[in-house]
Amino acid sequence: MTVERRRGPIFEFLAADHARLDALLQAALARSEQIDRGPFDEFREGLLRHIAIEKKILLPAAREARGGDPLLQARRLRIDHGAIAALLVPTPTPEIAAEIRKILGPHNVVEEGEGGVYMRDRLARAIRVFRRGFHAAAAMG
Ligand SMILES: [Fe+2]
Ligand SMILES: [Fe+2]
């Protein structure tokens, strides 16, 4: 199966969200000496929602579809999500934003990259389970 064919609707949705969040973080850091709170606050809210979708729907759906066996990368993603969420608590500084970016870069590769958890064949039957939960995610704001 080609890489393109392995990119299903979950990939399209969550990878587009990564791109949107990256652009917001970039905009928040446009003036290097200080964080622009407009785009940063939008980034923060969007990233917490994105993490909630992965944590509460995607990873449990993948585990359920694999008969209770979590994806190989699930533990690493969970640790990254915890670290990112902790960095989103204090008032943002350029140093904190740089730290978030340092975690997010490789983290997104684990999700989107070749063999990543967003790939159709990695998720298989989880797609149906995910779709069921997807409407609940939309209601999370
Ligand atoms: Fe993630
Ligand atoms: Fe993600």
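## Helices H4 and H5

Helix H4 (residues 74–87) and helix H5 (residues 94–112) cross at roughly 160 degrees, and their axes come within 10 Å. Axes here are lines fitted to C-alpha atoms, for helices over the stretch in contact, and angles run from 0 to 180 degrees between N-to-C directions. H4 and H5 are therefore roughly antiparallel to each other. Angles over 145 degrees count as roughly antiparallel, under 35 as roughly parallel, 65 to 115 as roughly perpendicular and the rest as oblique. The crossing of H4 and H5 is left-handed, meaning that the near helix is turned anticlockwise from the far one by less than a right angle.

H4 contributes Arg76, Leu77, Asp80, Ala83, Ile84 and Leu87 to the contact, and H5 contributes Ile96, Glu99, Ile100, Ile103, Leu104, His107 and Val110. Two residues are in contact if their C-beta atoms, placed from the backbone, lie within 7 Å. By class, the contact of H4 with H5 has nine nonpolar, one polar and three charged residues. Ala, Val, Leu, Ile, Met, Phe, Trp, Tyr, Cys and Pro count as nonpolar, Asp, Glu, Lys and Arg as charged, and the others, Gly among them, as polar.

## Basis of the model

This is a predicted model: local features need pLDDT of at least 70, side-chain atom pairs count only at pLDDT 80 or more, and totals for chains, interfaces and linings use all residues. Residues are numbered from 1 along each chain as its sequence is written, while chains are lettered from A and ligands numbered from 1 in the order in which they are written.

## Overall make-up

The protein has seven helices and zero strands. From the N terminus, its elements run α-α-α-α-α-α-α. Helices (H or I, at least four residues) and strands (E, at least two) are DSSP runs, numbered from the N terminus.

Of the 141 residues, 21% count as buried. A residue is buried if 20 or more other C-beta atoms lie within 10 Å of its own, exposed if 12 or fewer, and partly exposed in between. Among contacts with a separation of 6 or more, 67% join residues 24 or more positions apart.

## Helices H2 and H3

Helix H2 (residues 9–28) packs against helix H3 (residues 37–65) at about 150 degrees, with the axes 8 Å apart. That makes H2 roughly antiparallel to H3. H2 passes H3 in a left-handed crossing.

The H2 side of the contact is Asp17, Arg20, Leu21, Leu24, Leu25, Ala27 and Ala28; the H3 side is Pro39, Phe40, Glu42, Phe43, Gly46, Leu47 and His50. By class, there are nine nonpolar, two polar and three charged residues.

## Nonpolar cores

The largest nonpolar core has 12 residues: Ile10, Phe11, Ile53, Ile57, Leu58, Leu59, Ala61, Ala62, Leu77, Val117, Tyr118 and Met119. Such a core is a set of buried Ala, Val, Leu, Ile, Met, Phe, Trp, Tyr and Cys residues joined through C-beta atoms within 7 Å. H2 and H3 are the elements that give two or more residues to this core. H3 supplies the largest share, six residues.

A second, separate core has seven residues, including Leu24, Ala28, Phe43 and Leu47.

Arginine 75 lies in helix H4. It is exposed, with 11 other C-beta atoms within 10 Å. Its C-alpha atom is 9.9 Å from that of leucine 59, 16 residues away along the chain.

Alanine 86 also lies in helix H4. It counts as exposed because it has 9 C-beta neighbours inside 10 Å. Alanine 86 and isoleucine 100 are 14 residues apart in sequence and 9.8 Å apart, C-alpha to C-alpha.
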